[in-house]
Amino acid sequence: MTRTLLVLALLTGGLSGHEVTGACTGDVVVGDPFDGPGAVHRLSGGALVPVEAPELGEGDAFGWSVAMAEVDGDGCGDLLVGAPYADVEGRKDAGAAYLLTSKGATVRLTAPEPQQDAHFGWTVAAKGDLVAVAAPYEDLAEVRDAGSVYVRRGEAPLRRIGQDSPDVPGNPEVGDQYGWALAFGAGNSLVVGVPYENDDGTGVQVEEGKIDSGSMTVLADVTAQRLSGIKWEPPDRATGDRFGYAVAYVEGSGIAVGAPQAGFVQLFDEAVAPTRKVTGEGAFGFSLAAAKDGRLAVGAPYAGSTGAVRVLSMADESVDRLLVPGRGARFGWSVAFAGNQLVAGAPDDQPYGTAGVAGRNADTIEAVKPPEGAEFGASMAS
Amino acid sequence: MKPMGAAPLRPTDAREIGPYRLLGRIGEGGMGTVFLAIAPTGRPVAVKVVKAEFANQEGFSARFHAEVDNARRVASFCTAQVLDNGNDSVGRPYMVTEYIAGVPLSDQISEYGALEPAALHGVALGVAAALAAIHVAGLVHRDLKPANVILSMSGPRVIDFGISRALDRESNFTLSGELLGSPGWWAPEQVRGQQVTPAADVFAWGCLVAFAGNGRHPFGRGDAITMATRVLHQTPDLGALPAPLNDLVQRATTMDPLLRPTAQDLLLALVGGRLPTPDPPTVIATDLLDRNWEPPPNVADTAVLSATIPPQEEVRRGEEPSVAGRGEAPQEEPRSKGRRWLVAAAAVAGALLVTVAVLLARGPSVTPPAQQAGGAGALTAPDAGRRVGLGPAFDDPQFLLTGRPRCGLTDYKGAKSSDGRYCVLGWALLNPGGTARPLAASGVALVDDRGGRHESAPASTKLPATIAPGERIDGVFVFDLPPQRLPSVLEGTLMEGGQRIEVRLS
């Protein structure tokens, strides 16, 4: 009898839910927000390990967004997972985000004042124990879908930042959806992509001029008492560009911002001065990821019939590789670097979605598929 | 060519068990030993004697015989009919089945590689029929694997069913520590030690057909623990199988047992979905068998040798010529293969007629409580979980099938199906963009596998007038389909001014 139990324990993984054992550098977390109420896996050393989800409601879309934090100081990534359709305190779709530590603890984060349809958890970002969660559809008094970003360090209470906050560049307008894309930059700086920002001049505007052209803001230090930031919009912006749809920070090099409708990625240096603009097809700039060695991955999930990912280098213009899988669907919907490898999600791939893994110089893409799911690879982070 | 049949008896073996005279050893497993024997009637039989360590367990004998009594109710088409059971002279239980001369599928594949399509279809059909017969009798095989499928001249036969349940009360291990059963062929729920239902046999059917059609196990090779781990965590490599097997095998090897087709579903799909008509089923049945069973060439040769009696017994035969029946077996050889095929085919066709009529008339039974009434099954839709854009921009509203379409329901939320059976499609609509969009369902229909179009039933979710930025709407479409129709495509327009979508369901 004992032996049977031991065998079954080995087979089903006798450890609690999301406790992590073994080496965990180079892990990638992959979300599948439509696997029931949502599910998240950890891709660790080539093995796909399901992560035990907290108690969820139907249709919460847990895994819509994911990020890797480090809050308990054990050197093993802690997972930050968004569930933007979670109901909170009776408010439908207010949204929540979950911190699942490598030691097995679960912390549920919600907006201090949960608001119906705010979708808190739509986007998440983390750097060490600095954590940011966006609620882009949060209304601000009469301004519908102005959007807010919530940040905290360690276990401090969440701090709300919006375009109405003092010293934050920009004005809160209807439909801005502030916080759509987030990436921590150098130090405690935070890059915020606002792809649905309209532009028609100074002052408050509502649905006039260039609709959804987009903008990007870099907040210098989100832990500082007094905030400050720089806002940037493409000088040649056009309606619908969605500039700011995805953002990434490459350590030591600078910032990258995607405009997938227009089909370009704008690169900036550490002083937030524009350097290079790279164009591409198929919603080029839909997703972005940075590697420690200066490489940048750009997802173009609507390229061709499979989607594609382009690998560039912030510092070296000659680095330019295009990865196209032999088969797939929406490859490049999400991207992440893990050690030397590039991982890209193809969530519409049969049967449940795929994560494609490519070695640094390899030409082949290995497919990692879950045993079940729906949109595996819709989100990922490292 | 490897001689099949039996190895010589060992000096320590008994020479008789009950009224059966042992001729040789067919095999030995974790549970017991199987002998080739001759019945008093002269018929060759297989006698399985249980190991002493089991026989000594309290209550084992009673359980064993209860199981065998159950197994005797299983229709004999495509299985090895259970003939008798009893206790031997030292009290060990034994059971007697007809002896099937042929090549175990495991040996066939390892020696000759993957089956040709014709033989593969025959195996898929025969094993599905055997499972249907076993399940209708209220049993679960629990140990279906290629070694338990014998390719004989009269068709594939599934052996060795139903008895392992008697042993599985406390553990999957024998007292000496061997693992019982074959984890490489177990369904995930079996590996986890959860409740084993007929769906576990269907999973094994899928793996078996993939194995026979590709010449390799869908979960690769390895020891018991490795295989068991793979079954739990990996999707099987089903290779390339001819239609409709590719689809059926994929559905059969779904992780969730509730979503797999039943053995009857498989059987009906493989015989072309025809219902019994008042017109002679014999015509359909014989026709089916003629068209479906082509044993690989080596089976014919081997089947002849299977009836060979091991040398030591030939000597004994000289000493005891009075056992009349014994002479029968080798005398089969002079008969021409062609005639034997016809004789066997006619007998089997008769059995098929009975079996098919029984299976279809009785309808699905043995449904575990968790399954839907009416034998509902869920389908693996190719487009499940795929975001289908309702407009050209990447952030236009999107439609996704959530979960899997469930069909075969006789009623849904209080409404009763009038055409036959309901298919329920769960979905989500998303607006990942920045503008509210107007919704209007127009031309929403389900096209079935015969091309029939069906509009959505009133029980379907009504779409709201708009979908706000960031909003997610969950709902269902319900369609009333005639029985035995399978959904093929969902089509329609859901957004005002949007593009028409097509979502593949099978």
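Buried residues make up 57% of the 382 residues in chain A. The structure is a predicted model. Chain A contains one helix and 28 strands. Among contacts in chain A between residues at least 6 apart in sequence, 50% join residues at least 24 apart. The points below treat strands of chain A, then helix pairs of chain B, and finally some backbone features of both chains.

**A four-stranded sheet in chain A**

- Four strands of chain A form an open sheet in the order E3-E2-E1-E28, and the pairing is antiparallel.
- Strand E3 (47–51) and strand E28 (379–381) of chain A are the edge strands, each of which pairs on one side only.
- From one strand to the next, the twist averages 25°.
- Within this sheet, strand E1 (residues 28–32) of chain A pairs with strand E2 (residues 39–44) of chain A in the antiparallel sense over five bridges.
- Gly31(A) stands opposite Val40(A), a residue of E2(A).
- As a general principle, the strands of a sheet pair through backbone hydrogen bonds, either parallel or antiparallel.

- Six of the six residues of strand E5 (residues 78–83) of chain A are buried, so the strand is largely enclosed by the rest of the structure.
- In a regular strand, the side chains alternate between the two faces of the sheet.
- Both faces of E5(A) are covered. Asp78(A), Leu80(A) and Gly82(A) are buried on one side, and Leu79(A), Val81(A) and Ala83(A) are buried on the other.
- Strand E4 (residues 65–69) of chain A runs antiparallel to E5(A), and five bridges join the two. Met68(A) stands opposite Leu79(A) of E5(A).
- E5(A) also pairs with strand E6 (residues 96–100) of chain A, in the antiparallel sense and over five bridges. Here the bridge partner of Val81(A) is Tyr98(A) in E6(A).

**Helices H7 and H9 of chain B**

- The axes of helix H7 (residues 198–214) of chain B and helix H9 (residues 245–252) of chain B come within 8 Å and cross at roughly 140°.
- This angle makes H7(B) oblique to H9(B).
- The crossing of H7(B) and H9(B) is left-handed.
- On the H7(B) side, the contact is made by Val202(B), Phe203(B), Trp205(B), Gly206(B), Val209(B), Ala210(B) and Gly213(B). On the H9(B) side, Leu245(B), Val249(B) and Ala252(B) take part.
- Sorted by class, the contact of H7(B) with H9(B) has eight nonpolar, two polar and no charged residues.

**Helices H4 and H10 of chain B**

- Helix H4 (residues 117–136) of chain B and helix H10 (residues 263–270) of chain B pack with their axes 8 Å apart, at an angle of about 145°.
- The crossing of H4(B) and H10(B) is left-handed.
- H4(B) contributes Ala124(B), Leu125(B), Ala128(B), Ala129(B), Leu131(B), Ala132(B) and His135(B). These meet Ala263(B), Gln264(B), Leu266(B), Leu267(B) and Leu270(B) in H10(B).
- By class, the contact of H4(B) with H10(B) has ten nonpolar, two polar and no charged residues.

**Cis peptide bonds**

- In chain A, a cis peptide bond joins Gln350(A) and Pro351(A), with omega about -15°. Pro351(A) lies in the loop between strand E25 (341–346) and strand E26 (354–358) of chain A.
- In chain B, the peptide bond from Ala243(B) to Pro244(B) is cis, with omega near -5°. Pro244(B) is found in the loop between helix H8 (224–233) and H9 of chain B.

**Residues with positive phi in chain A**

- Arg242(A) is not a glycine, yet it has a positive phi of about 60°. Arg242(A) lies in the loop between strand E15 (229–232) and strand E16 (246–250) of chain A.
- Arg242(A) counts as buried because it has 29 C-beta neighbours inside 10 Å, and the cut-off for a buried residue is 20 or more.
- Arg330(A), likewise not a glycine, has a positive phi of about 65°. Arg330(A) is placed in the loop between strand E23 (320–323) and strand E24 (334–338) of chain A.
- Arg330(A) is buried, with 30 other C-beta atoms within 10 Å.

Note on methods: Residues are numbered from 1 along each chain as its sequence is written. Chains are lettered from A and ligands numbered from 1 in the order in which they are written. This is a predicted model: local features need pLDDT of at least 70, side-chain atom pairs count only at pLDDT 80 or more; totals for chains, interfaces and linings use all residues. Axes are lines fitted to C-alpha atoms, for helices over the stretch in contact, and angles run from 0 to 180 degrees between N-to-C directions. Angles under 35 degrees count as roughly parallel, over 145 as roughly antiparallel, 65 to 115 as roughly perpendicular and the rest as oblique. A crossing is left-handed if the near helix is turned anticlockwise from the far one by less than a right angle, and right-handed if clockwise. Two residues are in contact if their C-beta atoms, placed from the backbone, lie within 7 Å. Ala, Val, Leu, Ile, Met, Phe, Trp, Tyr, Cys and Pro count as nonpolar, Asp, Glu, Lys and Arg as charged, and the others, Gly among them, as polar. Two strands pair if DSSP finds at least two bridges between them. A residue is buried if 20 or more other C-beta atoms lie within 10 Å of its own, exposed if 12 or fewer, and partly exposed in between; C-beta atoms are placed from the backbone.
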